[in-house]
Amino acid sequence: MREPARISICTDCLMLLANGEVFDSEGNDISDAHAMEIQREWPNTEITLGRLREDDETEEEYEESQEAENEGWFSWSPCEGCGSHLGGTRYYATAWIGE
Ligand SMILES: [Zn+2]
């Protein structure tokens with residue numbers, strides 16, 4: 001049984017999860033290194049983009065919130081995907097813990 005956990009992730013994590021690759025500001029391919037960072041934070045865990053609907057949220061409310069959430073929001077909190085302490089834009093993701 002896999003348990004979903006709601007997390008917020010940085011742009012690098014988003015790129016890697018969405019496109020399978022991510023580049024640093026100088027254009028270097030950091031996909032493998034970044035995948036390892038996530039792997040270290042979340043062993044045996046699949047991370048998917050977006051969040052699940054809350055129990056107390058209607059389908060309509062959920063749909064509406066998605067548009068704003070897809071834009072991301074700024075936070076100084078560490079990225080919960082790779083553990084980066086850089087402030088930046090954060091996005092919702094879901095970590096599926098367990099086998
Ligand atoms: Zn990250």
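Biologist: Where is the kink in helix 3 centred, and how should I read such a feature?

Modeller: Because an α-helix has 3.6 residues a turn, residues three or four places apart point the same way. In this predicted model, helix 3, which covers residues 59–71, bends by about 25 degrees, with the kink centred on Ser65.

Biologist: How many of the 13 residues of helix 3 are buried?

Modeller: The count of buried residues there is 0, and helix 3 is hardly covered. Just after helix 3 comes Gly72, whose phi is positive, at about 80 degrees.

Biologist: Which residue has a positive phi although it is not a glycine, and is it buried or exposed?

Modeller: That residue is Asn44, with a phi of about 55 degrees, and it lies in the loop between helix 2 (31–41) and strand 2 (45–49). Asn44 counts as exposed because it has 9 other C-beta atoms within 10 Å, and the cut-off for exposed is 12 or fewer.

Biologist: How many bridges join strand 1 to strand 4?

Modeller: There are 8, and the two strands run antiparallel; within this pairing, Ala5 has Ala95 as its bridge partner. Strand 2 also pairs with strand 4 in the antiparallel sense, over 5 bridges, and there Thr48 stands opposite Thr94. Strand 3, residues 73–75, is joined to strand 4 by 3 bridges, again antiparallel, with Ser75 opposite Gly88.

Biologist: Which residues touch the most other members of the largest nonpolar core?

Modeller: Of its 14 residues, these are Ile9, Cys10, Cys13, Cys79, Cys82 and Ala93, while strand 1, helix 1 and strand 4 each give two or more residues to this core. Leaving aside residues up to four places away in sequence, Cys10 touches several others, including Cys79, Cys82 and Gly88.

Note on methods
Residues numbered from 1 in each chain as written. Predicted model: local features only at pLDDT ≥ 70, side-chain atom pairs only at ≥ 80, totals over all residues. Core = buried A, V, L, I, M, F, W, Y, C linked by C-beta atoms within 7 Å. Buried ≥ 20, exposed ≤ 12 C-beta atoms within 10 Å, placed from the backbone. Helix = DSSP H or I, 4+ residues; strand = E, 2+ residues; numbered from the N terminus. Contact = placed C-beta atoms within 7 Å. Bend = angle between axes of the 7 residues up to and from the residue. Pairing = 2+ DSSP bridges.
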